[in-house]
Amino acid sequence: MPALLTTIIEPFRIKVVEPIRMTTPAQREAILCGAGFNPFLIAASDVVIDLLTDSGTGAMSSEQWAGVMRADESYAGATSFFRFRDALRGITGFEHVLPTHQGRASERILFELVGGEGLIVPSNAHFDTTRANVEHSGAQAIDLRLPEASDPSNPHPFKGNMDIAALEALIASHGRARFPLVMCTVTNNSGGGQPVSLENLRAIRAVCDRHNLPFFIDACRFAENACFIKKREPGQSHRPVREIAREMFDLADGATISAKKDGMVNIGGVLLIRDAALFRRACNLLILTEGYVTYGGLAGRDLEAMAQGFEEVLDEDYLAYRLRSTEYLGERLRAHGIAIVEPPGGHAIYIDARSLCPHIPAAQFPGQAVVCALYRVGGIRACEIGSVMFGGEGRTPPPMELVRLAIPRRVYTQSHIDYVAEAAGEVFRQRHSLRGLRIVEAPPVLRHFSARFEEIEA
Ligand code: F0G
């Protein structure tokens, strides 16, 4: 038997390249200060490796670019719309498919229709735009995480699962009438990129059936979630990922999708709705604010790119490489002594900043301190997911202080990943000298995008 090769290789070749501008530590120091210690305010050309997000930052394939050229830009009934709709129908089984410009546009339409004062929308964990849209409608967004999910070191294979007992208790205590629907985010982005099991999705469905409640999935990373189910859930290893993904969608009454993740495009979103009456109302809102129902605020070329991207993401060689490459980064960080959210997520590795900087209290944003250090050391741009993103007056403090290293799809090579791991190791060596920050300027909502900070003197 020949030995099984373990080197991780990208299952694609590179046809077009884009230069990275290298910077010196002195340049980065000046850039970071100028940006108020907030990487969202740094110009992308000043970043060496950009791990701010995996959203809209992926590389398209030659087939996607071919679709861009082939696209039909007709206002109504464009060929590209039908190609997009049929691809989504084929993968998800939903008959009613609406294009939107991105995930939050789907969320805004959905919650304008079903949200409102006095209502409650439970989820395993709402992403920040979902929460903001639920709250904007006047409703309350509630996260029902597993207790295991608040412990970064707990290796539970499906830490994205919803706490089913808590869901039952919530419905029992407030009464069914206060719930317009139940939501579940796959994978759970805010909690470490952790997957939700098929068993958990089936259990949510059963609760919804008992109370006659619709069940919607935030399916941004549905393919990564389905691949985790195949890898980790007993009895699922023999099934094609496409079939598992289909079962996930079959359990739901609707889905909001940001196609900027597993849709493998730079812009685009989807709203899937089973109920014909609700779908018609969504069409009316879409026309009012996004565009006609066969383009939804996008160009025909964007629809073509989505149609192809949603197919490509289900390629099992791609998914195996994707999850393995992310896991590899997690292993390297762990080897340096850095605590991460275990087990490694699908689209990102989350550094446990509280454990890395125990000397920095939550009020001084340990995650932001680590984000600044990664930029100083390696020009790496990461994102805080902790008290900056979720804290603030009148809000429940987040359970964890995390730094997300989100990996764009098909953009960076394994040697880029090695560079990130080396830089993170250097941050670990400097951890005792990292400093906390205070906010000097911030908007009332979604403050992580534009807040400015200053470093607190040691
Ligand atoms: N839901 C989840 C789980 C997300 O991760 C995002 C975006 C959205 C909804 C909203 O989609 O950006 O297309 O409007 N997440 C990005 C991120 C921004 O960096 O994780 P959008």
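Which residue forms a salt bridge with Arg 322? Select Arg 322 and you'll find Glu 224 as its partner, with the closest N and O atoms 2.9 Å apart. (A salt bridge here is a side-chain nitrogen of Lys or Arg within 4 Å of a carboxyl oxygen of Asp or Glu.)

Before going on, some housekeeping. This is a predicted model, where local features need pLDDT of at least 70 and side-chain atom pairs count only at pLDDT 80 or more, while totals for chains, interfaces and linings use all residues. Residues are numbered from 1 along each chain as its sequence is written, and side-chain values use heavy atoms, with hydrogens and water left out.

Now colour the two domains. Domain 1 is 25–54 + 315–455 and domain 2 is 62–312, with bounds from an automatic or database domain assignment. Their C-alpha centres sit 26 Å apart. The contact (heavy atoms within 4.5 Å) draws 29 residues from domain 1 and 38 residues from domain 2.

Stay on the interface between domain 1 and domain 2: the rule finds six salt bridges across it. Next, select helix 12 (316–336), strand 9 (348–352), helix 15 (387–390) and strand 12 (402–406), the elements giving two or more residues to domain 1's side of the contact. Helix 12 gives the most, with five residues. (Helices, H or I of at least four residues, and strands, E of at least two, are DSSP runs numbered from the N terminus.)
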